[in-house]
Amino acid sequence: MLWQRTLKSSIQCTGVGVHTNQRVAMTLKPAAPNTGIVFRRIDLGARAPEIKAVHANVVDSRLCTVIGAGPRARIGTIEHLMAAFAGLGIDNAIIDIDGDEVPVMDGSAAPFVFLVECAGIMAQAAPRRAIKVLKPVVIADGDRRVSVRPAAEFSLDCRIAYAHPMLGEQRVVFHPNPGAFRAELARARTFCLEEDVARMRAAGLAKGGSLDNAVVIGKNRVLNDGGFRYKDECVRHKALDCLGDLYLAGAPILGAIESERAGHALNHRLLAALLGDTTAWCDVILDGDSHGPVELELERSRAAIA
Ligand SMILES: [Zn+2]
């Protein structure tokens, strides 16, 4: 049996939203078994509206993943934090936030992994559930495609293709091996092309974007000091986004995901199609042999300490 997990203690950070450029404070807190990942907009009065991070609450997925409850209570750019929870196998957490966008930090999931590990991870007395895929589901839009098919474990095969000399075709295949998320995906940052920066600024987008929180790719060089963190950092970031988006299923998915040039919108269409068809999946309890994108290394190191 695998047990649900939450944080051992609360931990806070501050930062700016990449789209709004607003400074926000965010506190990650432990939560009871079967709570899921729940955001609370603590700036919206004493009865802070709660927004559970599940697919049914996605209200926008054009630039980033936004969840909402009612007209005012929205929280954007949740995907990198959700990827950290997925990658570290956190089932339950409360996130108190005093603004409408999760801080972008360095544009990757690594600062959130650091926060969660500083707070500590605790097993809970409730079995971990997962969504077992029973039949293939495919979403395509032109040359973009994302699919899931039945498999004993979670895996993610992600590809991108850009007609750009610094990018070209890239592919990463992610399996939840020990330490895999931290080593292979967590540090991959959001990226954009230098030629798009002025256009985005003119449209009032990415107001908080900078070389501190995104890789900016020029014609034949990376503008950031130090260049790429991984040779194929861009496809790794796409995989990180996909992992975070799919965690809005409400549980890890036991299935093989393939993503080709897909983004947030397609990821959410896949979740809608999968979860909307009750013959395409079933709930299962995870035993020790089947696992979602959990870092087993942590389980082992904690077992060794105990
Ligand atoms: Zn991203």
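Since the model is predicted, local features are kept at pLDDT of at least 70 and side-chain atom pairs at pLDDT 80 or more, while totals for chains, interfaces and linings use all residues. Residues are numbered from 1 along each chain as its sequence is written, and side-chain values use heavy atoms, with hydrogens and water left out.

H237 and D241 both sit in helix 5 (residues 233-246), and because they are four residues apart, about one helical turn separates them. Helices (H or I, at least four residues) and strands (E, at least two) are DSSP runs, numbered from the N terminus. H237 and D241 are both buried, where buried means under 20% relative accessible area, exposed over 50% and partly exposed in between (1.4 Å probe, protein chains only).

Next, the rings. The count of aromatic pairs comes to one: Y162 and F191, edge-to-face, with 6.0 Å from centre to centre and 80° between the planes. The rule pairs rings of Phe, Tyr and Trp (its six-membered ring) if their centres lie within 6.5 Å, with planes under 30 degrees apart called stacked, over 60 edge-to-face and the rest tilted. Y162 belongs to strand 14 (residues 155-162) and F191 to strand 16 (residues 191-193), so the pair ties together parts 29 residues apart in sequence. Y162 is partly exposed, given its 31% relative accessibility, whereas F191, at 15%, is buried. Elsewhere, R187 lies over the face of Y230, 6.0 Å from the ring centre; such a contact needs NZ of Lys or CZ of Arg within 6 Å of the ring centre and within 35 degrees of the ring normal.

The largest pocket holds about 1,100 Å³. Its lining has 40 residues, and the closest to its centre are L63, T190, F191, C192 and M200. On a 1 Å grid over the protein atoms alone, a pocket is an open set of points with protein on both sides within 12 Å along at least five of seven lines, a cavity is a set where a 1.4 Å probe fits but cannot get out, and lining residues have an atom within 4 Å of a point. Grid points are joined across faces, edges and corners, and a volume is the space filled by probe spheres set on the points. Among the elements giving at least two residues each to the pocket lining are helix 1 (79-88), strand 14, strand 16 and helix 6 (264-276). Helix 4 gives the most, with five residues.

There are two cavities of 30 Å³ or more.

Most residues other than glycine have a negative phi. N21, in the loop between strand 2 (11-16) and strand 3 (23-29), has a positive phi near 60° and is partly exposed at 41% relative accessible area. T77, in the loop between strand 8 (73-75) and helix 1, also has a positive phi, about 55°, but is buried at 5%. D60, in strand 6 (residues 58-60), is buried at 17% relative accessibility; D60 and R269 are 209 residues apart in sequence and 11 Å apart in space, C-alpha to C-alpha.
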